[in-house]
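Subject: Two-chain model, handover and notes

Hello,

Please find the model below, followed by my notes on it.

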Amino acid sequence: MSALATPPSAEPPTRDSYGSRALRILLPIAVLAAGIAVWELVVRVYDIQPYVLPGPSAVFKTLIADWPVLSQSLLVTLLTTLEGFAAAAIGGIALALLFNQSKWLEVSLFPYAVILQVTPVIAIAPLLLIYLPQQTAVIVCAWIVAFFPVLSNTTLGLNSVDRNLAGLFRLYGASRLQTLVLLKLPSALPYILGGLRIAGGLSLIGAVVAEIAAGSAGAGSGLAYRIAESGYRLNIPRMFAALLLLSAAGIVIYGLLALTSHLLLRRWHESALGKEN
Amino acid sequence: MAEFAASNETDTADLAVRLRGVTKVYDNGVVALGPFDLDVRKGEFVSLLGPSGCGKSTALRLIAGLNAPSSGSVGVAQSSAAAKVAHAIGFVFQEPTLMPWTTVRENVRLPLTIKHAAATDADTRIDKTLRQVGLAEFAGAYPRQLSGGMKMRVSLARALVTDPDILLMDEPFAALDEITRFRLNNDLLALWRSLRKTVIFVTHSVFESVYLSQRIVVMTAQPGRIAADIRIDAPEPRGEDFRTSVAYAGYCREVSNALAPSYAGQPDS
């Protein structure tokens with residue numbers, strides 16, 4: 001209403017803020033370009049052999065030359081990551097919902113979720129590889145690493161429901177299902193999405209850890225396996241190329257999840273609103 | 001929440017709410033309320049007035065059935081409307097308490113959704129209620145786009161949409177600026193005159209309670225008991241003329257005097 005004054009922070013964006021936004025994008029790119037240039041320069045000036053340290057140009061050439069092999073491996077790793085992520089998302093949210101419905105179930109099981117989380121996955125992976133088929137073991141690794149943030153964030157979200165809104169639902173005699181669907185899940189959505197964003201990167205880590213643990217003994221052909229294999233063969237440029245692809249995959253996964261989160265929350269949640277709103 | 005038992009007393013038919021010997025002791029041992037007796041007639045506008053923490057909000061939550069009394073009985077008249085979606089009580093909280101993830105329209109629809117109202121019936125009710133609170137053009141807006149006063153109107157619309165007989169309001173306008181508050185006071189009075197709901201209005205403002213109420217129940221500090229029960233016999237309809245009248249000032253003095261002992265002994269009084 002008109003009686004509400006405009007807060008002092010709501011100034012129109014000035015030229016300065018556009019300038020600083022451009023700098024935010026340009027500066028990291030400049031740092032990257034400088035880093036690559038120095039790397040290339042050092043390799044050339046000191047005439048370092050590619051099996052010790054390949055220059056960026058050599059890595060890039062390998063990336064193109066080995067693309068048929070590397071792209072195949074990228075697909076394998078991405079698929080594993082996706083399966084682990086899906087399992088973590090479904091498992092984490094389902095467990096949180098179960099815990100929310102029954103206090104006793106939460107008390108009985110939550111400690112084990114914590115134990116699973118704090119035990120380093122790199123130490124669990126070899127055991128899993130003994131008892132499970134390799135592909136399953138890799139997915140289970142991805143799940144173990146990634147499900148906990150989903151579980152704990154969803155639990156936090158479900159417990160952060162506005163007390164008065166919950167009272168309102170009780171006043172009108174809402175069923176458990178109605179309270180869950182109409183109140184608890186929408187309230188928890190920003191938290192769930194935050195958990196999923198962390199889980200995306202973690203499931204990639206889980207998949208890589210399991211592939212490395214499986215090592216050359218495994219029948220796998222994921223990117224991490226390529227890195228291990230190339231290491232044994234002293235094919236250092238291919239190690240760098242595979243690493244580059246893993247990083248890119250991680251960035252894309254994070255970007256996609258951040259975008260999904262933004263699209264789902266942009267209409268109402270503080271985190272997705274611009275400063276001018 | 002107990003319905004009225006088949007009471008022998010003849011005057012219960014005229015009552016909307018009846019509290020007898022109600023107390024509320026919280027788990028930490030704090031006695032918040034009582035013993036507290038209250039009769040509210042159907043169609044009456046009653047204010048519960050008292051210092052912060054005197055248990056007036058507690059009393060309201062007990063009437064709504066949001067909390068159970070530690071002892072005593074809470075009786076609420078059953079809804080007179082036959083419709084399936086009818087609900088005896090509408091509640092307006094101190095904060096707007098809206099769902100931020102959906103529009104004004106869907107917020108107002110909430111009680112009807114919970115009660116499985118038919119879509120067409122629900123749409124008619126929502127349109128009518130939004131018109132009553134003056135928000136027809138804002139049906140598609142999200143709560144964050146609204147001012148504090150408009151959010152409170154949405155909250156009021158949501159409470160009214162089931163056509164309750166009793167409207168419980170817990171310091172609904174306390175956080176608003178004075179001009180907005182006056183406007184909402186006037187609109188609330190107009191709604192009350194046309195709809196003839198029973199209204200129980202919790203406030204700590206002497207001026208607001210005198211302006212709005214037919215009757216003011218002044219409460220003591222913790223634990224909340226009744227200190228005075230004052231009728232405000234000013235003629236209807238009340239407007240800005242009443243707010244500046246001598247009679248209004250007189251009532252305010254009387255109520256303030258009744259309230260003063262409740263603040264005695266408090267360091268900041």
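Helices (H or I, at least four residues) and strands (E, at least two) are DSSP runs, numbered from the N terminus. On that numbering, R196(B) sits in the loop between α5 and β7 (198-203) of chain B.

This is a predicted model: local features need pLDDT of at least 70, side-chain atom pairs count only at pLDDT 80 or more, and totals for chains, interfaces and linings use all residues. Residues are numbered from 1 along each chain as its sequence is written, while chains are lettered from A and ligands numbered from 1 in the order in which they are written.

Chain A

Chain A has 10 helices and 0 strands. The C-alpha trace of chain A spans about 75 × 60 × 30 Å along its principal axes.

Of the 277 residues in chain A, 35% are buried. A residue is buried if 20 or more other C-beta atoms lie within 10 Å of its own, exposed if 12 or fewer, and partly exposed in between, with C-beta atoms placed from the backbone. Two residues are in contact if their C-beta atoms, placed the same way, lie within 7 Å. Among contacts in chain A between residues at least 6 apart in sequence, 75% join residues at least 24 apart.

The axes of α8(A) and helix α9 (residues 223-232) of chain A come within 8 Å and cross at roughly 40 degrees. Axes here are lines fitted to C-alpha atoms, for helices over the stretch in contact, and angles run from 0 to 180 degrees between N-to-C directions. The two helices, α8(A) and α9(A), are therefore oblique to each other. Angles under 35 degrees count as roughly parallel, over 145 as roughly antiparallel, 65 to 115 as roughly perpendicular and the rest as oblique. The crossing of α8(A) and α9(A) is right-handed, meaning that the near helix is turned clockwise from the far one by less than a right angle. From α8(A), the contact uses V208(A), E211(A), I212(A) and A214(A), and from α9(A) it uses A224(A), Y225(A) and A228(A). By class these residues are 6 nonpolar, no polar and 1 charged. Ala, Val, Leu, Ile, Met, Phe, Trp, Tyr, Cys and Pro count as nonpolar, Asp, Glu, Lys and Arg as charged, and the others, Gly among them, as polar.

In the second pair, helix α2 (residues 56-65) and helix α10 (residues 236-265) of chain A have axes that come within 8 Å and cross at roughly 75 degrees. α2(A) and α10(A) are therefore roughly perpendicular to each other. A58(A), V59(A), T62(A) and L63(A) of α2(A) meet P237(A), R238(A), F240(A), A241(A) and L244(A) of α10(A). This contact has 7 nonpolar, 1 polar and 1 charged residues.

Chain B

Chain B has 8 helices and 9 strands. Its radius of gyration is 19 Å, close to the 18 Å that the globule rule gives for 269 residues, so chain B is as compact as a globular protein of that length. Its C-alpha trace spans about 55 × 45 × 40 Å along the principal axes, and 44% of the 269 residues count as buried.

Most residues other than glycine have a negative phi. T97(B), not a glycine, has a positive phi of about 55 degrees. T97(B) lies in the loop between β5 (89-92) and α2 of chain B and counts as buried, with 22 C-beta neighbours inside 10 Å. R196(B) also has a positive phi, near 55 degrees, but is partly exposed, with 13 other C-beta atoms within 10 Å.

Where the chains meet

The contact takes 18 residues from chain A and 24 residues from chain B. On the chain A side, α7 (163-171) and α8 (176-214) are the elements that give two or more residues. α7(A) gives the most, with 7 residues. The chain A side divides into 12 nonpolar, 3 polar and 3 charged residues.

Helix α2 (residues 104-114) of chain B is mostly covered, with 8 of its 11 residues buried. What covers those buried residues includes α7 and α8 of chain A, together with α3 (119-132) and α4 (148-160) of chain B.

Regards

Methods: Rg over C-alpha atoms; globule rule 2.2 N^0.38 Å.
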